[in-house]
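Thanks for coming. I will go through one structure today, starting with the ligand and then moving on to the sheets and helices. Please have the view open.

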Amino acid sequence: MNRCITIAGGGLAGLALGVALRERGVPVTLHEAGSYPRHRVCGEFLSGVSDETLERLGIARDLDDAVPLKSSCWRNDSRQLGEIGVSGRGISRRNLDDRLQKRFTRLGGNLMTESRLRSGEGVVWAAGRVRQSSPWIGLKCHVRDLKLTHDLEMHVGTSGYAGLARIEGGRVNLCGLFHAGSASGKGVGLLLGCLKAGGLHRLAKRIEEAVPDPESFCGVAGFRFGRTASASFSIGDAALMIPPFTGNGMSMALEAADQAIQPAMDYAAGRISWVEAATQSDAAQQRHFRRRMRLASMIHPVMTSRPGLKLLEMAASAHLLPYGALYRLLR
Ligand SMILES: Cc1cc2nc3c(=O)[nH]c(=O)nc-3n(C[C@H](O)[C@H](O)[C@H](O)COP(=O)(O)OP(=O)(O)OC[C@H]3O[C@@H](n4cnc5c(N)ncnc54)[C@H](O)[C@@H]3O)c2cc1C
């Protein structure tokens, strides 16, 4: 392996690819704009990625203490709309990303934190969402002493939605996607304000009565969903960003890293050019993710508009919502 692979972005996609390449003896330098450990806006519900993929990436052990999530429900503020069995893991991104960066450096990877790279030839672009103006903000915080009815609760409001997922240490992660400008405030207060502005008063009350952790609060703004391919060899949110209600973005980041292993190795060994490696990785992702991206982009507007939500509620009342089938098709 002569050529070094450079990766921009030390989130799940970049770190997983970095670990997998180091396991195979490829020299890797990874630049991360931030540092570790740190909280990230994410529902922290990992679902869809297979055990085989995690083994191939060499990161299965890093999920050993993730909480198995098996039951889930969908609800608005007044009632439950449906429930299904799921197969997922709950784990905080603060822990997961930190473990992956440690694994990467233990394997001899060269990690440069607080280092922001530009895209270019020879750089795998795993730098996350493409920043652009959008009507959405994502907010999250961890909560203690909060009882859940299911391992994963999804709450649909009139100006966004929020999920509660069990994570390690007996905590619950609260994360939501809201219309920007629906509420004002700071920190956990802003998150509670967004829940109330979207009519999720009961959920907000439950959070107020529990113990939200202000340290874990974080937020993001300025992203859009769909194909974002910002550089020739992109993986994770930098290539394709699926709406969060699917709970599949982390899985996609890991699956994309898995698909990038071979093209990156072939480039490192001098068997193919950078353009060929990028083309192969991109084609594999388009094939692999097409169905879920299309379906998610059709459902997202329904879930985030008042008429769409009314329709959803009526369909749920008439038991016409195929939750189980949708869950499977979005993976
Ligand atoms: C509100 C919300 C809820 C979500 N809930 C879930 C969920 O429950 N389940 C799920 O599976 N997914 C969920 N997701 C999606 C999931 O968080 C992402 O799909 C996943 O984090 C993508 O990983 P990534 O590695 O591509 O990007 P990221 O995790 O965003 O990592 C990108 C990294 O690149 C770094 N970076 C940026 N620019 C540069 C640069 N120029 N040079 C170097 N480094 C750079 C950043 O600092 C960052 O660390 C949610 C997303 C949102 C917004």
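Predicted model: local features only at pLDDT ≥ 70, side-chain atom pairs only at ≥ 80, totals over all residues.

How many residues surround the ligand? There are 34, and the closest are Glu32, Arg40, Gly43, Arg93 and Met250.

Now the sheets. One of them is open and has four strands, in the order E6-E2-E1-E7, with parallel pairing. Its edges are strand E6, residues 110–113, and strand E7, residues 123–125. Each of these has a single partner strand, so one side of each has no neighbour in the sheet. On average, neighbouring strands in this sheet are turned by 20 degrees against each other, ignoring direction. Strand E1, residues 5–8, runs parallel to E7 and is joined to E7 by three bridges. If you want a place to look in that pair, Ala8 stands opposite Trp125 in E7. Helix H3, residues 93–106, packs on this sheet and touches strand E2, residues 28–32, as well as E6. The direction of H3 makes about 135 degrees with that of E6.

The other sheet to look at is also open, with eight strands in the order E3-E5-E4-E9-E10-E11-E8-E12 and mixed pairing. Strand E3, residues 45–47, and E12 are at the edges, each pairing on one side only. From one strand to the next, the twist averages 25 degrees. Inside this sheet, E10 and E11 are antiparallel and pair over seven bridges. Leu164 stands opposite Leu174 in E11. Helix H7, residues 274–303, packs on the sheet, where the strands touched are E4 (67–75), E8, E9, E10 and E11. The direction of H7 makes about 110 degrees with that of E10.

Next, helix H5, residues 201–209. Which of its residues are buried? They are Leu203, Ala204 and Ile207. Looking down the axis of H5, the buried residues fall within an arc of 100 degrees, so they line one face of the helix. Arg202 and Glu209, on the other side of H5, are exposed. The cover over the buried residues includes strands E8 (136–144), E9 (152–156), E10 (160–166), E11 (172–179) and E12 (211–221), along with helix H4 (187–197).

Gly199 sits in the loop between H4 and H5. Gly199 counts as partly exposed because its relative accessibility is 29%. Leaving aside residues up to four places away in sequence, Gly199 touches Asp77 and Thr158. Gly199 and Gly128 are 71 residues apart in sequence, and their C-alpha atoms are 31 Å apart.

Last, Ser317, which lies in helix H8, residues 306–317. Its relative accessibility is 41%, so Ser317 also counts as partly exposed.

Technical notes
Residues numbered from 1 in each chain as written. Heavy atoms only, no water. Pairing = 2+ DSSP bridges. Helix = DSSP H or I, 4+ residues; strand = E, 2+ residues; numbered from the N terminus. Axes fitted to C-alpha atoms, helices over the stretch in contact; angles between N-to-C directions. Contact = heavy atoms within 4.5 Å. Buried < 20%, exposed > 50% of the residue type's maximum accessible area, 1.4 Å probe, protein only. Arc of directions from axis to C-beta. Near = heavy atom within 4 Å.
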